[in-house]
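Here is a friendly briefing to read with the model open beside you.

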Amino acid sequence: MERYQHKRAFRRVRWSRCLPAAVLLAAVVIDLAWPEFNTFPLLAAVSVIAAPMLSLAWTIASGAAAYLVGWLLSLHEGHVLFTRSDFISLASIAVLTVVAAFLNRMFAREREQLRTSRQVAEAVQRAVLPAVPDRVRGLAVATRYRAAQEEALIGGDLYAVHDTPYGLRMVIGDVRGKGMQAVTMVNTLLGTFHAAALQLPDLPAIVRGVEVQLQDVKSRRDDAPYEDFVTAVIAEISADHSVLRMANRGHPAPLMVHEGKVTLLEPEEPSLPLGLGDLAGPDVPVDEFAWPPGATLVMFTDGIIEARDRNGVFFDPVPPLTGPLPPNPGAVLDAMLAALFRHTEELEDDAAALAVTRVPVGSVGRDPSAAPQVGGL
């Protein structure tokens, strides 16, 4: 997903850098085709257009090219001696080129500050969401994450996978809100989940432990604490890999992909999101599902299923996962995300995905991550 977004951003930047030359060419064409039109405003705009997109040298070169073209067009019109109007027009191009050079330096400083901010944000994001190992207890694991805004790498989506004495335990969630408030909720949930997953014997106890900590964080806020909550799925894979247990707290239902079929793992009983447990009873419903060899569990946040196309149609992750796919979590996620970005150009919300594959016995010893990615992401 990250590489795909970078490719699209690179294409946009590459085409935008051609804009000053396009404006210059348009001025020449218009002046030659319709001499009665004054094209000096277009020429004067060339260096200003170049300032935020090109280097200082190219910005000055763009202004110099516009000045030269303006001078040649004046000669073409038979003005051997420049009129007062020609002098004012050429002087305007020169002045705006100087202004564009100053603007270019300002934009360069702003880009450097933004680059530094992005690096800091990326470091914080990696600290909050550490890398998940490709292999845990003989299971293959893959994750994908993308913040909706490219300049805001810190989002409210989260995931974690922990190998515990009780089996492989994992969580995926989506915090309501953005910014530092969301980061605080993410950090609290992941820290509590890590400790609870290692120590507590069952999923209901883990959910209640996370709920207590989130309620404590909310109690310290003065402004609308009831608006803070986290939709999440806390799941557990048994030690023999045959049983999948899940506590779904108001989150999109995960999918099971197996032999070309996709099964929606919906909870039998709906539950309120984490952080709103004080509005419900103490019971924590847990659903159990059989998990055959070669099956892949796919969990994701609502940023994926709420992505819309141009007609407002929501993305459906089931069709791209229906068909022949290798028992490889990375390939499964890449197939889904490739279809997602064919469906929509921009995400409206953060998107996270986590997949775990029960590797078939015959493929033990092979590295599932070596499978080719689907969709070129």
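Glu236 counts as buried, at 6% relative accessibility, since the cut-off for buried is under 20% relative accessible area. Please keep in mind that this is a predicted model. Glu236 belongs to a network of salt bridges that also links Arg169, Arg245 and Glu288.

- Side chains of opposite charge can pair when their charged atoms come close.
- Arg169 and Glu236 form a salt bridge, with the closest N and O atoms 2.7 Å apart.
- This pair links distant parts of the chain, as Arg169 sits in strand β4 and Glu236 in strand β5, 67 residues apart.
- Arg169 is buried, with a relative accessible area of 0%.
- Glu236 also forms a salt bridge with Arg245, and here the closest N and O atoms are 2.9 Å apart.
- Is Arg245 buried or partly exposed? Arg245 has a relative accessible area of 23%, so this residue is partly exposed.

**The five-stranded sheet**

- Strands β4 and β5 belong to an open sheet of five strands, whose order is β3-β4-β5-β6-β9 and whose pairing is antiparallel.
- At the edges are β3 (157-164) and β9 (287-290), each of which pairs on one side only.
- On average, neighbouring strands of this sheet are turned by 15° against each other, direction ignored.
- How many bridges join strand β5 to strand β6? Six bridges do, with β5 (residues 230-237) and β6 (residues 243-249) pairing in the antiparallel sense.
- To find one point of this pairing, look for Ala232, whose bridge partner in β6 is Arg249.
- Helix α7 (residues 203-219) lies across β4 (167-175), β5 and β6, and runs at about 150° to β5.

**A closer look at strand β7**

- Strand β7 (residues 255-258) pairs with strand β10 (residues 296-300) in the antiparallel sense, over three bridges.
- On the β10 side, Leu255 stands opposite Val298, while Val257 has Thr296 as its bridge partner.
- Four bridges join β7 to β8, and these strands run antiparallel. In β8, Leu264 stands opposite Leu255.
- The hairpin of β7 and β8 has two residues between the strands, and Glu259 takes a positive phi near 55° there.
- In a regular strand the side chains alternate between the two faces of the sheet.
- Which residues cover the two faces of β7? Leu255 and Val257 are on one side, Met256 and His258 are on the other, and all of them are buried.

**A salt bridge between Arg137 and Asp163**

- Five salt bridges are found in a search of the whole structure, and one of them joins the side chains of Arg137 and Asp163 at 2.2 Å, N to O.
- Arg137 lies in the loop between β1 and β2, and Asp163 lies in strand β3, so the pair ties together parts that are 26 residues apart in sequence.
- Arg137 counts as partly exposed, at 33% relative accessibility.
- Asp163 counts as partly exposed too, at 41% relative accessibility.

- Tyr67, Leu68, Trp71, Leu72 and Leu75 make a nonpolar surface patch of about 440 Å².
- Where is Trp71 found? Trp71 is in helix α4 (residues 56-76).
- Trp71 counts as partly exposed because its relative accessibility is 34%, which lies between the cut-offs of 20% for buried and 50% for exposed.

Note on methods:
Residues numbered from 1 in each chain as written. Predicted model: local features only at pLDDT ≥ 70, side-chain atom pairs only at ≥ 80, totals over all residues. Heavy atoms only, no water. Pairing = 2+ DSSP bridges. Axes fitted to C-alpha atoms, helices over the stretch in contact; angles between N-to-C directions. Contact = heavy atoms within 4.5 Å. Patch = residues over 30% accessible without salt bridge, like charges linked within 9 Å, V, L, I, M, F, W, Y side chains within 5 Å. Areas by Shrake-Rupley, 256 points an atom, 1.4 Å probe, with all protein chains shown as cover. Salt bridge = Lys/Arg side-chain N within 4 Å of Asp/Glu carboxyl O. Buried < 20%, exposed > 50% of the residue type's maximum accessible area, 1.4 Å probe, protein only.
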